[in-house]
Amino acid sequence: MNLKVSQATLKEVLAKLRKGEWLVPRFQRAFVWSESQVYELLRSIFLNRPIGMVTLWAQPQEKTLTDWERIRLKKKEFGDFQDPPSGTRLVLDGRQRLTALAVAFGGLADPDDRFTFSGAWFLDITKEIDADDFVEHCKNRDIEARKLNVEANLLGSGLVPLADLERVQRLNQNINNREFYPDGKYPDIEERVRRSRRLGRIVEVLLEYQLPAAEIPDNTTLSEVCEIFDVLNQTGTKVSTFDLVHNALFADSNGSFVLRDRFEAYRQTGSFALLCDESRQDLLCQMVTAAYLTEEKPRAKASSDKSVGSIKGGDLLETPLDFYQSFDAALEKFDTYANNFFEEVVGARFSIGALPYPVSAALYLALRWRIDQGRAPYKVSTLNRVFKAFWWRNVLSGRYDQGFLTLFASDLSGLHGLLAKAEGTAVGSSAWIANVSLGLDAIFNAREKKFPRLSTSELEARLSTELRGASYQAMRCAFFTAVTKDLVSNETLDRFTTDSRMKVELHHLFPQSWCKDNKGQHAALRAPDSDELAPAVSAFVNFIPLTSASNKKWMTQSPATAITNLKLNFELRDDVWRSAGIDEDGFNHFTKLEIDKFWARRAQEWAARINALQNI
């Protein structure tokens with residue numbers, strides 16, 4: 001492969017992007033840089049530092065070898081052409097930098113100030129070029145308010161717009177012209193000399209700074225290009241497994257299967273959308289491969305002699321295109337599986353960020369797929385019952401903290417095996433329960449480290465101390481599942497609302513500030529042998545789901561005051577109190593400030609509930 005290397009000035013780069021001589025292949029990820037990253041790129045340019053090489057892929061004269069798109073932001077594209085010219089180049093490496101150059105020097109901007117890259121970029125020539133605040137980004141509203149679209153105001157404030165070379169040159173020519181400045185803004189001779197020097201440097205950069213570009217020939221295949229692209233991204237900004245799978249599927253399908261587009265469509269699909277989060281795109285690949293593992297012969301696409309046996313990165317890449325297409329065609333089924341997972345296993349719908357071990361959903365979806373494909377002798381209702389016990393025991397034990405990748409395949413096989421083995425016994429009978437319980441024990445104790453089911457006393461202890469990680473998320477799921485109404489307003493709690501006032505979080509029944517102020521009077525509020533707050537203050541025995549608005553009403557009031565002021569007597573809200581693990585005796589302990597008794601009773605109630613979730 002012959003590699004051609006050339007140089008292009010900033011002006012030439014922008015011209016190529018505007019005319020469509022340089023485009024980006026659709027398999028690349030969109031522009032994701034932050035404002036600070038653009039700022040750092042500009043500083044490097046004006047300090048005459050290299051910003052890296054762009055890698056291009058030459059295209060045949062008659063037609064591009066893959067789908068393309070313009071450099072773009074969320075709501076704005078860059079380029080004034082209808083169709084690209086023949087022999088265009090596709091950018092394999094450099095999209096983020098080129099988009100940043102179009103934003104700063106080419107005037108590419110989103111029209112709406114709600115988006116990050118609206119407005120324009122300026123250089124402050126009252127500052128030295130190496131100053132941290134030499135570069136300034138202004139939104140449209142700021143430009144209008146400061147009248148920065150008027151050249152006299154620009155020169156008076158010492159700001160130079162990067163996206164208008166002609167204006168920069170006029171400003172440079174008029175820097176010593178008093179009439180060009182607003183009244184009272186004409187700087188002294190020393191300052192004008194400094195500004196002129198800095199302006200000269202800006203013009204020099206705009207005209208002379210060059211970007212190196214390496215070009216691979218048009219006889220390079222799409223598969224080879226994807227390999228090159230993967231290497232380029234791994235040596236720069238780390239590419240995710242999702243990106244690698246996306247590129248491989250794009251190449252295997254000759255550009256017809258675009259995983260990123262499918263991912264965006266899945267994010268609009270019912271319950272399945274909850275499992276498609278931009279921060280965890282790899283989970284989609286894990287779910288697809290998990291389902292593929294239940295096929296009779298899950299062969300790797302690279303070799304018919306090799307099997308896909310896990311959901312590790314290599315096996316994700318080996319999951320073939322045709323199964324991704326099968327998954328895509330069966331999306332409605334997988335949406336049903338996801339809904340059942342949330343409702344029957346977890347107890348309610350949660351986002352990935354609130355879900356302990358989201359990869360567990362891939363386990364459940366795979367087993368459901370096996371049933372639908374006629375490769376399982378058990379029913380969905382049986383799976384739901386068993387998987388619920390498995391899921392709660394798994395998340396409470398912290399078992400996947402040890403690394404789920406090494407456990408996933410054996411769990412998938414183990415759950416299928418114990419369900420199939422127990423199928424000959426009447427579901428729900430004492431013999432069936434005993435068999436399944438033994439099967440679960442075998443899964444949780446299969447390796448060197450054992451994970452026994454938590455006892456009620458162990459659960460009481462966890463509920464009474466501050467938790468982290470999966471154990472915290474599991475308890476949080478249990479609370480949000482049980483408490484569905486706001487104790488103060490009696491409104492239904494909506495954890496997915498976008499209204500900041502109605503945002504639902506866990507809040508303190510005995511507010512932290514009240515506990516700090518009253519720990520001298522109540523021994524239960526103090527940690528043993530310490531003046532610090534007792535662990536229970538920040539534990540689940542002291543938590544209840546509330547909206548932000550209700551929490552603000554509660555805030556620093558003592559329980560007795562809050563109950564009086566907010567009219568929270570037991571009879572009016574007994575369903576909410578009881579759902580939160582507070583019966584009438586617990587309520588009385590609460591109002592009488594019998595704090596230790598209240599926390600102990602509540603810990604017992606919740607421990608019994610959560611212990612039951614681990615049972616078949």
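Modeller: A definition first: two strands count as paired if DSSP finds at least two bridges between them. Please also keep in mind that this is a predicted model.

Colleague: Fine, so how many strands does the open sheet with mixed pairing have, and in what order?

Modeller: That open sheet has 6 strands, which follow the order β1-β9-β3-β5-β2-β4, and the pairing among them is mixed. At its edges stand β1 (4-9) and β4 (68-69), each of which pairs on one side only.

Colleague: And which helix packs on that sheet?

Modeller: Helix α3, residues 95-105, packs there and touches β2, β3 (54-58), β4, β5 and β9 (210-216), while its direction makes about 115 degrees with that of β5.

Colleague: How do β2 and β5 run, parallel or antiparallel?

Modeller: Strand β2 (residues 22-25) and strand β5 (residues 89-93) run parallel and are joined by 2 bridges; Trp22 stands opposite Arg89 in β5.

Colleague: Now the other sheet, with β6 in it. What is the strand order there?

Modeller: It is an open sheet of 3 strands in the order β7-β6-β8, with antiparallel pairing. Because β7 (135-138) and β8 (159-161) each have a single partner strand, they stand at the edges, and one side of each is left without a neighbour in the sheet. On average, and ignoring direction, neighbouring strands of this sheet are turned by 35 degrees against each other.

Colleague: How many bridges does β6 make with β7?

Modeller: Strand β6, residues 120-124, pairs with β7 over 4 bridges in the antiparallel sense, and Phe122 stands opposite Glu136 in β7. Helix α2 (residues 35-46) lies across β6 and β7, running at about 45 degrees to β6.

Colleague: Changing topic: which residues lie nearest the centre of the largest pocket?

Modeller: Those are Arg29, Ala30, Phe31, Val32 and Glu278, out of 28 residues that line the largest pocket, and the space in that pocket comes to about 920 Å³. Helix α10 (residues 259-266) gives the most to the lining, with 4 residues.

Colleague: What is the make-up of that lining by class?

Modeller: The lining has 14 charged, 9 nonpolar and 5 polar residues.

Colleague: Last one, where is confidence lowest?

Modeller: Confidence is lowest in helix α8 (residues 222-234), with a mean pLDDT of 65, and highest in helix α14 (residues 331-346), at 98. For the protein, the mean pLDDT is 90, and 97% of the residues reach 70 or more. Where pLDDT is low, the predicted coordinates should not be read in detail.

Technical notes
Residues numbered from 1 in each chain as written. Predicted model: local features only at pLDDT ≥ 70, side-chain atom pairs only at ≥ 80, totals over all residues. Heavy atoms only, no water. 1 Å grid on protein atoms, 1.4 Å probe; cavity = no way out; pocket = protein on both sides within 12 Å on 5 of 7 lines; lining within 4 Å. Points joined across faces, edges and corners; volume = space filled by probe spheres on them. Nonpolar A, V, L, I, M, F, W, Y, C, P; charged D, E, K, R; others polar. Axes fitted to C-alpha atoms, helices over the stretch in contact; angles between N-to-C directions. Contact = heavy atoms within 4.5 Å. pLDDT = per-residue confidence, 0-100.
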